Amino acid sequence: SLIVRICDGDIEDVYLASIAELDAYCDRLALIQRYMPEASSESLTVARRLAVKAVLRIRHFLITLIQTLTKPHTNIQIIQQTVLRKYAPFFAFVRKYASPDSPAYALGNVSGAVAASASVSGGGSGDG
């Protein structure tokens, strides 16, 4: 189930799909809540708690990933072009669901730097 994948799954490619599914589910519940608040409030609360759990797991994963940039002899541009860009949806998810005063929220701001490096290096335009 989605809950098991978010709480216990490995944070890899499958996790990207899981957070996309959770994000879409939260968006649908938020839309339903506009028209039927009593019917969806509990489900939306549970879904948002699951999103917070995902943010905490993603935050730990991304910090570990970013720490590799501090190792000697690390080619930062290659890491940006391959690893960080691959996980750009994680940065966006953290930015959307983390509280603005949490450390995880600041981590979500890194997504702008990852996108900027993609456009500067020419790797993200596709018209190469």
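Begin by selecting Asp23, Asp27 and Lys96, which a network of salt bridges links together. Here a salt bridge is a side-chain nitrogen of Lys or Arg within 4 Å of a carboxyl oxygen of Asp or Glu. The model is predicted, so local features need pLDDT of at least 70 and side-chain atom pairs count only at pLDDT 80 or more, while totals for chains, interfaces and linings use all residues. Residues are numbered from 1 along each chain as its sequence is written, and side-chain values use heavy atoms, with hydrogens and water left out.

Lysine 96 lies in helix 5 (residues 88-97) and aspartate 23 in helix 2, 73 residues apart. Helices are DSSP runs (H or I, at least four residues), numbered from the N terminus.

Now switch to aspartate 27, which meets lysine 96 in a salt bridge at 3.0 Å, N to O. This pair, too, connects helix 2 with helix 5, across 69 residues. Aspartate 27 is partly exposed, at 38% relative accessible area, and lysine 96 is likewise partly exposed at 44%; buried means under 20%, exposed over 50%, and partly exposed in between (1.4 Å probe, protein chains only).

Finally, select lysine 86 and aspartate 13, which are joined by a salt bridge of 3.3 Å, N to O. Lysine 86 belongs to helix 4 (residues 76-86) and aspartate 13 to helix 2 (residues 13-35), 73 residues apart.

Methods. Helices (H or I, at least four residues) and strands (E, at least two) are DSSP runs, numbered from the N terminus.
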